[in-house]
Amino acid sequence: MYQVIARKYRPQNFSELIGQEHVQKTLANAITSCRLAHGYIFSGQRGTGKTSVARILARCLNCINGPTVTPCGVCASCVEISNGNSVDVIEIDAASNRGINEMREIRENVRYRPARDRYKIFIVDEAHQITKEAFNALLKTLEEPPEWVVFILCTTEAHEIPNTIASRCQHFAFRSIDYAELQNRLREIAAQEDIEASDEVLSVIAQAGEGSVRDSLSALDQAIACCGKALRVEDVRALLGMFAVESLRSVAEAIHNQDSARMLDIVEELERSGQSLQHFCRELSRYWRNLLVAKISGKPNRLIAASEREQQGFLETAGLFGEEDLTRYLNLTLELYQTLQTSLQPRLHLEVGLIKLVQAGRLQSIEEALASLENPEPETSRAERLKPATFQTASSKANPGGEQNALNSTQSPVAPAGKPVEPVKSGDLATDLADALSRAGLETTADAVRQSELRLEGNELLVRAPKSIAFGLKDAGVQRVAVEVTGRPVRVRIEAREPMKTESPQTSGTSAPSENDVRQRALSHPGVKRFQELFPDAQVRTVRNLNE
Ligand SMILES: Nc1ncnc2c1ncn2[C@@H]1O[C@H](COP(=O)(O)OP(=O)(O)OP(=O)(O)O)[C@@H](O)[C@H]1O
Ligand SMILES: [Mg+2]
Ligand SMILES: [Zn+2]
């Protein structure tokens with residue numbers, strides 16, 4: 001008869017166990033030094049080895065060569081324990097035997113010596129299901145246990161074991177299994193089963209297990225049942241309802257490109273291919289979480305269940321966003337997931353939710369805003385910085401120096417040699433532009449333009465502004481108005497130049513200005529104005545002269 005892989009490959013001794021080193025080590029020490037407890041609690045996620053370790057411990061204790069850390073595996077005790085029919089190792093499923101009567105029976109049973117072996121071992125699965133009264137009955141036994149009795153309570157909910165019981169037991173918390181260990185285990189088993197599976201396939205199956213060995217092995221079983229001996233990654237992914245990182249990344253890409261239409265396409269594609277929208281949303285939250293972890297740690301990290309190559313992808317994508325952005329997207333996606341759980345119109349909600357992510361956009365952090373006040377950065381270079389490395393096209397790579405150099409040249413006011421330069425006398429275009437900006441209500445920007453030098457180079461409008469106010473020009477309005485004023489598709493490039501002495505009248509002032517003057521001057525400073533635009537609720541509390 002066919003035996004499912006998870007059962008077929010149940011570890012039979014400590015060396016076959018993956019992970020849980022802390023459990024292995026402590027139990028092995030206890031066995032060799034004969035310092036056994038009468039009660040153990042094994043808690044932890046499903047499918048991480050609790051029942052397996054309980055049986056291994058039983059074998060260690062009852063093997064004919066025991067107590068030993070390396071049970072023989074062939075004696076009657078060892079074999080019977082593996083098959084679950086040893087008279088002295090009693091497995092109780094507390095999910096169906098949870099009442100006081102069953103516990104009374106156990107209490108009776110405990111009083112008799114083991115039939116053949118050294119110890120009488122009770123393995124209680126799903127122990128948290130035991131009723132309160134039944135726990136009380138059990139407590140009596142644990143208080144004064146006969147020397148031959150060992151209780152092992154296995155549970156996924158350690159906090160539901162009453163303290164009275166827990167304090168009489170040794171507690172082992174089983175950990176979720178690392179992705180890399182899961183993948184290795186799967187590779188071994190696939191080889192033994194003669195299954196053809198690439199690393200990518202194993203990676204998908206390991207991820208589907210979410211840290212549970214049993215779940216990964218069940219996923220492997222399912223994949224074999226469906227796809228046969230040769231597993232193809234697309235089939236396995238579709239079977240397990242996993243989404244390729246690429247499809248999740250397209251969401252990040254759409255946010256980055258501020259492309260709401262793409263979001264609608266993504267939902268359309270999901271619907272068309274019959275994917276569960278809830279599940280997609282869940283995977284998307286996990287994706288944000290992975291990006292966030294990548295962002296925070298800045299290097300491949302074992303907290304992310306993904307291959308080295310995928311991790312590199314995460315790092316690159318994470319580089320496009322700030323930590324706050326990713327946190328915001330994660331929160332929005334989790335909210336969206338909640339909504340989808342109960343929604344009667346999941347498609348509509350997913351569409352709106354994804355568009356919201358685009359609108360949530362990329363906020364400027366306070367640090368960035370402050371930095372831009374001190375160190376204005378040309379609009380173009382910001383755009384360049386935000387441009388994803390991964391989304392670059394071949395043509396942009398073919399000419400790596402070209403555009404980059406032009407951008408870097410913003411520090412030098414000299415136009416690139418050979419390029420036709422059409423200097424526009426300050427006063428013509430500058431005045432026109434400033435006036436148009438004023439009319440458009442962009443007063444701060446207009447002021448900044450008035451104090452700048454303008455040059456039209458081909459279709460590029462170079463605006464050289466004093467360093468202190470260049471940020472005032474970063475308003476997108478300049479671009480729009482410049483197109484209107486010049487009547488051609490100009491691209492505005494903003495450059496900061498060092499302030500000239502004459503531009504700061506305060507330095508030549510002889511009499512000390514009054515406090516009110518200082519305040520007025522500070523408030524009319526374009527930097528302060530700009531700050532107040534960015535943070536409308538900000539208040540100016542005090543004004544200090546940094547030169548004093
Ligand atoms: N740490 C592990 N090392 C190797 N295989 C494991 C491990 N944990 C689980 N497995 C595999 O998963 C199967 C189920 O494991 P086990 O019954 O020990 O899990 P469990 O923690 O008791 O789960 P549950 O909480 O669902 O009862 C085993 O047969 C084995 O194939
Ligand atoms: Mg179990
Ligand atoms: Zn044995």
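Which strands does helix α2 lie across, and at about what angle to β5 does it run? I began my notes there. The model I have open is a predicted one.

**Entry 1: helix α2 and the sheet**

I looked up helix α2, residues 21-32. Helix α2 lies across β1 (39-44) and β5. Its direction is about 150° to β5.

Next I followed the sheet itself. I found 5 strands in an open sheet. Reading across, the order is β2-β3-β4-β1-β5. The pairing is parallel. I noted β2 (89-93) and β5 (170-174) as the edge strands, each pairing on one side only. On average, neighbouring strands of this sheet are turned by 15° against each other, direction ignored.

I then checked one pair, β3 (residues 120-125) and β4 (residues 149-155). They run parallel, and 5 bridges join them. I picked out Val124 and looked for its bridge partner in β4. That partner is Leu153.

**Entry 2: the zinc ion**

Which residues hold the zinc ion (ligand 3) as protein donors? I found Cys63, Cys72, Cys75 and Cys78, each donating through SG. These donors lie 2.2 to 2.3 Å from the zinc ion. Along the sequence I read their spacing as C-x8-C-x2-C-x2-C.

I looked at the geometry next. The 4 donor atoms subtend angles of 102 to 123° around the zinc ion, so the arrangement is tetrahedral. For comparison, I wrote down that the ideal angle for four tetrahedral donors is 109.5 degrees.

Cys72 has 30% relative accessibility, so it counts as partly exposed. Cys75 has 11%, so it counts as buried, the cut-off being under 20%.

**Entry 3: two helix pairs**

I took α12 (residues 245-256) and α14 (residues 277-297) first. They pack at an angle of about 70°, with their axes 10 Å apart. That angle makes α12 roughly perpendicular to α14. On the α12 side I listed Val245, Leu248, Arg249, Val251, Ala252 and Ile255 as making the contact. On the α14 side I listed Phe280, Glu283, Leu284, Tyr287 and Trp288.

Then I turned to α25 (residues 515-524) and α26 (residues 526-534). Their packing angle is about 60°, and their axes are 4 Å apart. That angle makes α25 oblique to α26. Ala522, Leu523 and Ser524 of α25 make the contact with Pro526, Val528 and Lys529 of α26.

Conventions
Residues numbered from 1 in each chain as written. Chains lettered and ligands numbered in written order. Predicted model: local features only at pLDDT ≥ 70, side-chain atom pairs only at ≥ 80, totals over all residues. Heavy atoms only, no water. Pairing = 2+ DSSP bridges. Axes fitted to C-alpha atoms, helices over the stretch in contact; angles between N-to-C directions. Contact = heavy atoms within 4.5 Å. Donors = N, O, S within 2.8 Å, 3.2 Å for Na, K, Ca; no water. Tetrahedral: all angles 85-135°; square planar, octahedral: opposite > 155°, others 65-115°. Buried < 20%, exposed > 50% of the residue type's maximum accessible area, 1.4 Å probe, protein only. Parallel < 35°, antiparallel > 145°, perpendicular 65-115°, else oblique.
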